[in-house]
Amino acid sequence: MADPDSAPAHSGEQLGVKMSPSRRPYMGESDLQTLLHFASRSLTERFPLASTWHPGDVAWELREQYSSRQPIRLWEQDGVVEAVAWSVGPGQFWLETTPAGEGWLPDIIGWAESAALRRQTGVKAPTVSVRVFEGDRLRIAGLSRLGFKPVGPESVHFEFDLTGPLPEVPVPPGLALRDGVGIDPEQRAASHRDAWSALDHIGIENARSTFSAAAYESLRTSPVYRCELDLIAVASDGRLAANCICWADAPSGVGIFEPMGTHPAFRGRRLARTLLAEGLHRLRDMGHRRARISTAHFNTSAVAAYSSMFQPLDRSFWWARTL
């Protein structure tokens, strides 16, 4: 019996698009560059719409797992990836296509539904949920035809035009900025854990980050990581007060910030704005034209901080169908 994840996908002719893509799983490190390249292309080809992944998102999500198979499927035509779907939880999927792959949506959803059923065995009313950008009217129309309906908000997305004036945010007294060049991996990983293990202020109780020095060092091996874009606010006593990673992508001219975090003891001192301003300057110095950032819809403090500097880009929602 043929492997269903390696079989030819449906042609998409029901949408008037004559295509015969093939579908296969992400196989490990040999596919990392392929996935990074797809993320960069989709940023460019979907402009001015938001895009699901920046190469930095891929690097961040796959840290320590570049070499292992993932719940990711790639749709190709003539050896070029035009669509990707990624299972992010039982019945939950993120997906993206280039314009050339949009007609394959029925096959992508068909794969997602089969995967959702496998992971929800015994569930009385299994569902499949897909993240969708509000501004993507074509994707919304396609999902509507397939029986999907909006069920709730997911994230808020922002953009900064780097061709205009850049913000000047002073570093608060008693703090200094540095980057990841020469940083101690243990200290850098602890800084991330400190921020992401204290999320009661946004309604997440008992949060616990397991980010380790090994994960950080793995992240640094990514082809798209740059030490000079790994930004850190340091207190006078040596504590790392806040941190964020900027990710550059020269082909698209878009940079992103992911992740961003502040130690609980230093919250309320505008450190997120300070790091963002520094990152914006560094991205423009590299020739980038836009910068983007996003956060969960319920993270009101982050939404307020980002809204003070960035312009709204889009919002994403979950669309779902009961199987």
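Visitor: Where in this predicted model is the place of Arg-270?

Guide: Arg-270 lies in the loop between strand S10 and helix H7. Its phi is near 65°, a positive value in a residue other than glycine.

Visitor: Why is Arg-270 called partly exposed?

Guide: The relative accessible area of Arg-270 is 48%. A residue is buried under 20% and exposed over 50%, and partly exposed in between. The value of 48% falls in between, and therefore Arg-270 is partly exposed.

Visitor: What makes Glu-64 partly exposed?

Guide: Glu-64 has a relative accessible area of 49%. Glu-64 is in the loop between helix H2 and strand S2, and has a positive phi of about 65° although it is not a glycine.

Visitor: How do you know whether the size of the chain agrees with that of a compact globule?

Guide: For 323 residues, a compact globule would have a radius of gyration near 20 Å. The chain has 20 Å, and therefore the two values agree. Along the principal axes, the C-alpha atoms fill a box of roughly 65 × 45 × 35 Å.

Visitor: What share of the chain is buried?

Guide: Buried residues make up 54% of the 323 residues; each of these has a relative accessible area under 20%.

Visitor: Why is a set of residues called a nonpolar core?

Guide: The name applies because its members are buried residues of kinds such as Ala, Leu, Tyr and Phe, joined through side-chain atoms within 4.5 Å. The largest such core has 33 residues, and those with the most contacts inside it include Phe-257, Leu-276 and Ala-291. Helix H7 (271-285) and strand S10 (254-262) are among the elements that each supply at least two residues. The largest share, seven residues, comes from H7. In soluble globular proteins, nonpolar side chains tend to be buried together.

Visitor: Which residues is Leu-276 in contact with, leaving aside its neighbours within four places in sequence?

Guide: Phe-257, Met-260, Ile-293, Tyr-306, Met-309 and Phe-310 are its partners. They are called contacts because heavy atoms lie within 4.5 Å. A second, separate core has 32 residues, including Trp-60 and Leu-240.

Visitor: Which residues does a cis peptide bond join, with omega of about 0°?

Guide: That bond joins Glu-258 and Pro-259, and Pro-259 is found in strand S10. Another cis peptide bond, with omega of about 10°, joins Phe-47 and Pro-48. Pro-48 is in the loop between helix H1 (32-46) and helix H2 (55-62).

How values were computed:
Residues numbered from 1 in each chain as written. Predicted model: local features only at pLDDT ≥ 70, side-chain atom pairs only at ≥ 80, totals over all residues. Heavy atoms only, no water. Buried < 20%, exposed > 50% of the residue type's maximum accessible area, 1.4 Å probe, protein only. Helix = DSSP H or I, 4+ residues; strand = E, 2+ residues; numbered from the N terminus. Rg over C-alpha atoms; globule rule 2.2 N^0.38 Å.
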